[in-house]
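Please look through the sequence and the model below before reading on. My comments follow as numbered points.

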Amino acid sequence: PPAATGSDEEDDSDSSTKPIRSEKKKNPASLFQTGGDPPKEKKTKKKTPPKVAESEEETPETPQKNSNKKGKGKKSKKTKEERPPSPVIEVDNLEEFVLRPAPQGVTIKCRVTRDKKGMDRGLYPTYYLHLDNDKKVFLLAGRKRKKSKTSNYLISIDPTDLSRGGENFVGKLRSNLMGTKFTVFDNGMNPDRANADWSNVRQELSAVVYETNVLGFKGPRKMTVIIPGMNSDNERVPIRPRNDNDGLLMRWQNRNMDNVIELHNKAPVWNDETQSYVLNFHGRVTHASVKNFQIVHGSDPDYIVMQFGRVADDAFTMDYNYPLCAVQAFAIALSSFDGKLACE
């Protein structure tokens with residue numbers, strides 16, 4: 001049986017039939033506000049686009065009862081309502097877009113594809129992130145570096161240039177030796193090579209901690225995601241550690257949570273009928289997989305900060321909301337592919 005988080009279509013529990021409406025009561029943005037000094041450099045107020053209705057709101061009250069077909073992504077008539085596409089997102093400046101938090105009230109829906117073809121792609125696949133809409137706008141590419149003691153993924157805004165020195169490099173994901181903890185950096189400098197005033201030191205954008213459960217990695221995984229908080233201008237508080245003892249992981253371990261937000265994956269529910277763990281992905285995920293997850297804040301588990309799940313053998317949907325940006329969400333998704341965690 002799939003020791004896995006199944007798709008919403010198998011989830012018939014009561015909780016899944018209630019549409020997500022709780023956000024209306026409280027403003028999710030307040031969950032992520034930590035103060036922090038607003039950056040002084042640029043004071044250009046970003047115009048927030050008009051609110052786009054969450055696709056989840058239009059989800060019919062009754063979950064569809066179609067069995068989890070393993071078809072090779074045949075476009076049936078129903079895909080229209082099963083996988084609502086991303087709202088229209090303007091990606092004028094790609095580098096700025098992928099580092100900018102999602103606008104409040106808009107779910108940015110993306111698709112991750114894994115390319116294992118080619119010489120050593122089996123070991124080092126390339127992952128591509130596109131907007132999940134008709135235009136399929138390319139956002140990011142990621143690939144594991146070869147000569148690295150720990151898992152180290154480079155993230156680039158150019159699908160053909162995944163080099164560390166290139167100007168398309170926007171971030172990286174680095175794991176600890178065990179492969180259970182990951183840190184996501186932007187493209188700033190390593191503190192050892194930074195300039196005198198530290199202004200070009202890299203920011204830590206996120207950290208991910210995977211915990212084994214009693215079944216090892218066989219049952220549902222437990223993930224903790226640590227991100228910088230947001231200031232009163234809804235901008236990310238810059239976290240620029242000067243050494244490894246000041247990073248997001250150490251702050252979290254020492255419970256020094258100033259300007260830091262802790263998120264978790266939503267615990268899936270065991271379903272006796274399908275003999276698997278299930279979560280409601282509202283039609284965005286169609287294949288059971290241990291890699292499927294939803295990230296939420298403990299104070300409002302109905303507000304999905306990010307969700308990720310399989311739709312075909314090498315294709316996944318990845319949707320993210322405020323306060324995450326594309327680089328954070330993509331790096332969190334990449335961490336879930338990493339070799340030491342893989343258990344499929």
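1. Basis of the note. This is a predicted model, in which local features need pLDDT of at least 70 and side-chain atom pairs count only at pLDDT 80 or more, while totals for chains, interfaces and linings use all residues. Residues are numbered from 1 along each chain as its sequence is written, and side-chain values use heavy atoms, with hydrogens and water left out.

2. The chain overall. Of its 344 residues, 52% are buried. Buried means under 20% relative accessible area, exposed means over 50%, and partly exposed lies in between, with a 1.4 Å probe and protein chains only. The accessible surface of the chain is about 16,800 Å², and carbon and sulfur atoms hold 52% of that surface. Such areas come from the Shrake-Rupley method with a 1.4 Å probe, and for residues only the protein chains shown count as cover.

3. Contacts along the sequence. Among contacts in the chain with a separation of 6 or more, 60% are between residues 24 or more positions apart. A contact here means heavy atoms within 4.5 Å.

4. The barrel. Twelve strands form a closed barrel in the order β2-β3-β4-β5-β6-β7-β8-β9-β10-β13-β14-β15, and the pairing is antiparallel. On average, neighbouring strands of this sheet are turned by 20° against each other, direction ignored. Helix α5 (residues 326-337) packs on the sheet and touches several strands, including β2, β8 and β15; its direction makes about 25° with that of β8. For these angles, axes are lines fitted to C-alpha atoms, for helices over the stretch in contact, and the values run from 0 to 180 degrees between N-to-C directions. Two strands are said to pair if DSSP finds at least two bridges between them.

5. Strand β2. Which strands are joined to β2 by six bridges? One is β15 (residues 315-320), which runs antiparallel to β2; here Thr113 has Ala315 as its bridge partner. The other is β3 (residues 126-131), also antiparallel to β2 and joined by six bridges, with Val112 partnered by Leu129. Strand β2 itself covers residues 108-115, and six of its eight residues are buried.

6. Strand β6 and its partners. Six of the seven residues of β6 are buried. Strand β5 is joined to β6 by five antiparallel bridges, and Tyr153 has Leu173 as its partner there. On the β7 side, β6 again pairs in the antiparallel sense over five bridges, and Gly171 stands opposite Asp186. The strands β6 and β7 make a hairpin with five residues between them, and Gly179 in the turn has a positive phi of about 75°.

7. Ser175. This residue belongs to β6 and is buried, because its relative accessibility is 6%. Beyond residues up to four places away in sequence, Ser175 touches Thr150, Ser151, Lys181 and Phe182.

8. Gln294. Is Gln294 buried or exposed? Gln294 is buried, because its relative accessible area is 2%. It sits in strand β13 (residues 293-297). A polar atom of its side chain lies 2.9 Å from the backbone oxygen of Asn280. Leaving aside neighbours within four places in sequence, the residues in contact with Gln294 include His264, Leu279, Phe281 and Met306.

9. Two loop residues. Ala194 lies in the loop between β7 and β8 and counts as partly exposed, because its relative accessibility is 22%. Its C-alpha is 9.3 Å from that of Arg242, 48 residues apart in sequence. Lys146 is in the loop between β4 and β5, and it is partly exposed because its relative accessible area is 41%. Lys146 and Tyr124 are 22 residues apart in sequence and 7.6 Å apart from C-alpha to C-alpha.

10. Cysteines. How many disulfides does the structure hold? There are zero, where a disulfide is a pair of cysteine sulfur atoms within 2.5 Å. Cys110 is buried at 0% relative accessibility, and Cys325 is buried with a relative accessible area of 0%.

How values were computed:
Helices (H or I, at least four residues) and strands (E, at least two) are DSSP runs, numbered from the N terminus. A polar contact is a pair of N or O atoms within 3.5 Å; within protein, one must be able to donate a hydrogen and the other to accept it, and residues adjacent in sequence count only if both atoms are side-chain atoms.
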